[in-house]
Protein chains: 2
Amino acid sequence: MARDKDRRGAVTIEDVARHVGVSPMTVSRVINNFSGVRQSTRENVLRAVAELGYSPNPAARSLARHGGRRVGLLYSNPSAGYLSEFLVGALDGAQRSGSLLMIEKCGASEDSERAAIDRLVAGGVTGVILPSPHAESVTAHEQLALHNITGVAVGARLLNQQPNTVRIDDFAAAAEMTRHLLDLGHKRIGFIKGAANQSATAERLLGFETEIRKAGRAASALVEEGDFTYRSGLEAAMRLLASEQPPTAIFASNDDMAAGVMAAAHYRGRVVPGSLSVAGFDDTPIATAVWPELTTIHQPVAGMTETAVRILSEAARGKTPSAPAQPVDRLLPYKLVIRASTGPAPRPDAS
Amino acid sequence: MARDKDRRGAVTIEDVARHVGVSPMTVSRVINNFSGVRQSTRENVLRAVAELGYSPNPAARSLARHGGRRVGLLYSNPSAGYLSEFLVGALDGAQRSGSLLMIEKCGASEDSERAAIDRLVAGGVTGVILPSPHAESVTAHEQLALHNITGVAVGARLLNQQPNTVRIDDFAAAAEMTRHLLDLGHKRIGFIKGAANQSATAERLLGFETEIRKAGRAASALVEEGDFTYRSGLEAAMRLLASEQPPTAIFASNDDMAAGVMAAAHYRGRVVPGSLSVAGFDDTPIATAVWPELTTIHQPVAGMTETAVRILSEAARGKTPSAPAQPVDRLLPYKLVIRASTGPAPRPDAS
DNA sequence: ACTGTGTTTGTTAGCGCTAACATCGCTACT
DNA sequence: AGTAGCGATGTTAGCGCTAACAAACACAGT
């Protein structure tokens, strides 16, 4: 204890090894979850790890792993609600897989995207994570292919390119939300579409429509255009609420638009959820910032990024960088989060 | 060129040294900006660095710097709008100063805070960055002192504890915003306070009041309670707008509350900024999510965190960890961002 | 008993970089 | 001339960890 204090507070793998009475290598094998360690030994080591509060030094790790796998992360919109979770997930994944993270910001233009990727390449990354605006960018995928580097799209997919993806089942999630609304007795349901160039937009719409169709004549849908911004949600809601038979529930394909819907509802004197139910998608910070808080679909953003990092870092182990086995399309579980913005349909006033 | 390709794309310090015809150590001295290198040598090295596209391996660096300075970062609310910027800044600062970042999440309770700090300590950090909820926590500072570790508060300060701080001048910023409102001709201005336990709350209020007082009888203020949440902003605005002589402008001490004010305004049929100007503070994502977009005070969050990391990493160089020279209180420049939510006062209808 | 096959553990070396000290000139003195 | 003193550079060692190989051990079959 006293001895440890001098040592800058850091417990090394050797301390653990000595404590258990094995070689550092064995400890290394245990913490990396390698096979070929007797069960009892493994347990001893794990106990010591816990006792001493050991946590591996990521720098040393990355160094020892022959140059260390470095994974890059491209981002463009630092104020997007999901980014912080995104980063936390990436950091976690990096730490856990012992790889180094290089974060690079880029603008919206294709040139800027290309430049950012080049910077990443210069930094020696073996793989790059692409969140939504870039996940769908042909430019980005091309530039990566040019340098023979693996990319993983998170939360979206680009069908005709190399399709490494980590995402949720947008179709099923939208369907589930729609069912939730239907179950509450809503007959006329408005839907606000997202930006046309994002892959999730189509899937969410499809999920909605499919569920509505399943309900048969018991339900009808009103679909409006939107582009994922608050303002587009507000305007779409204004149109919906001005229609002859306004909906009793509006399902916006993301939270920002749903917040816009709520503003429109307030403006038109509709009480949420008393006279209008509102549902969002993504569970971004704004979902709990507004009042009443939004019913929405929670995406495990951090988990998705962590998975992406892990995929990349494992792919880097496979010696042939060009052929990352077969492309991965991992689907993670989403969750319907019911908060205060949805409630029973007002009354049987439908036609 | 071809040779480099095999080498995982990474150029090492040795490659540079060989290319120039000096020892690696000299290169190291140059890239670390150490004195004691002849000017001509320095230039040669720098040229080679540029030519070869060398970038130092942060892992090796951190390892070689004897255990490497590790700085910890405590966060609790992953959905806070500023977190992503916060992280980006920290990452940047860490990379630039060659230190390692350990990010630790913790809950709101004191126990959870203590536990998180202990985990950080076990991980061997030499300093910890404390964003707002923790910056003001006596517990956090005590726990750090217990382990003899330096803390830096970002965006807030705790006066009677060890006051390493990086922040903006909340007082001046609030005053400037108030002046902006005054300049637009507003005479009756509402102000919504923040949570009582945060240091910024008092300073912002003071800045506001000081400026109002300066205006003399030309202006009057209505101050309402709030706690930095959307809902509290909405409710405070409702009270403000229901008063006999409602204000023509409302200055909320953060963006979330300002968004709540806008909702209240819509609800009461007030057009923003036509009949009511709304101002926020912080320039978080919500400021541009709402419509019209908020006039607010921009904080250089990323810069603040980067500075904090640098302070910590420099303090770690000074051998005596207990006495980090004298405490630092660094003030960074803020910026008044005028968007669409503020405009000229409706008309000279004031008493 | 003795080789073969597999499982568990240890050994050696080195990832890329930088403290700390050693060295090599060189000028400036006594 | 001799040597202290200084600035510029090189050398050695090692940060904490893990590949790759080597060794030790177990137990099967012959």
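Predicted model: local features only at pLDDT ≥ 70, side-chain atom pairs only at ≥ 80, totals over all residues.
How many salt bridges are counted between chain B and chain A? The count is 0 salt bridges.

**The contact between chain B and chain A**

In this interface, 38 residues of chain B are in contact with 39 residues of chain A. About 3,700 Å² is buried between the two chains, and carbon and sulfur atoms give 64% of that area. On the side of chain B that touches chain A, several elements give two or more residues, among them helix 5, strand 1 (70-75), helix 6 (83-97), strand 2 (100-105) and helix 7 (110-122) of chain B. Helix 12 (230-242), helix 13 (255-267) and helix 14 (286-289) of chain B also belong to this list. By class, that side of chain B divides into 23 nonpolar, 11 polar and 4 charged residues.

**DNA strand D**

DNA strand D is surrounded by 24 residues, of which A:I13, A:S28, A:Y54, B:S23 and B:T41 are the closest. Of the atoms of DNA strand D that come within 4 Å of the protein, 64% are accounted for by sugar and phosphate. Helix 5 of chain A gives the most, with 4 residues. The surface near DNA strand D has 12 nonpolar, 8 polar and 4 charged residues.

**DNA strand C**

For DNA strand C, 24 surrounding residues are found, and the closest are A:S23, A:T41, B:I13, B:S28 and B:Y54. Sugar or phosphate holds 64% of the atoms of DNA strand C within 4 Å of the protein, and the rest belong to bases. Helix 3 and helix 5 of chain A, together with helix 3 and helix 5 of chain B, each supply at least two residues of the surface near DNA strand C. Here helix 5 of chain B gives the most, with 4 residues. The classes in this surface are 12 nonpolar, 8 polar and 4 charged residues.

**Selected atom pairs between protein and DNA**

| Protein atom | DNA atom | Distance |
|---|---|---|
| B:R29, polar side-chain atom | DNA strand D, base nitrogen | 2.9 Å |
| B:T41, side-chain N or O atom | DNA strand D, phosphate oxygen | 2.8 Å |
| B:A64, polar backbone atom | DNA strand D, base oxygen | 3.2 Å |
| A:T26, polar side-chain atom | DNA strand C, phosphate oxygen | 2.8 Å |
| B:I13, backbone N or O atom | DNA strand C, phosphate oxygen | 2.3 Å |
| B:R61, side-chain N or O atom | DNA strand C, phosphate oxygen | 3.0 Å |

**The domains of chain A**

The domain assignment of chain A gives domain 1 (2-50), domain 2 (65-163 + 301-332) and domain 3 (170-299). The centres of domain 2 and domain 3 of chain A, taken over C-alpha atoms, are 31 Å apart. Between them, 7 residues of domain 2 are in contact with 6 residues of domain 3. These two domains of chain A bury about 640 Å², 41% of it on carbon and sulfur atoms. The side of domain 2 that touches domain 3 is made up of 3 nonpolar, 2 polar and 2 charged residues. Across this interface of chain A the rule finds 0 salt bridges, while 3 residue pairs are in polar contact, both members being at pLDDT 80 or more.

How values were computed
Residues numbered from 1 in each chain as written. Chains lettered and ligands numbered in written order. Heavy atoms only, no water. Domains from an automatic or database assignment. Contact = heavy atoms within 4.5 Å. Buried area = accessible area lost by both parts, 1.4 Å probe. Salt bridge = Lys/Arg side-chain N within 4 Å of Asp/Glu carboxyl O. Polar contact = N/O pair within 3.5 Å; in protein donor to acceptor, adjacent residues only side chain to side chain. Nonpolar A, V, L, I, M, F, W, Y, C, P; charged D, E, K, R; others polar. Near = heavy atom within 4 Å.
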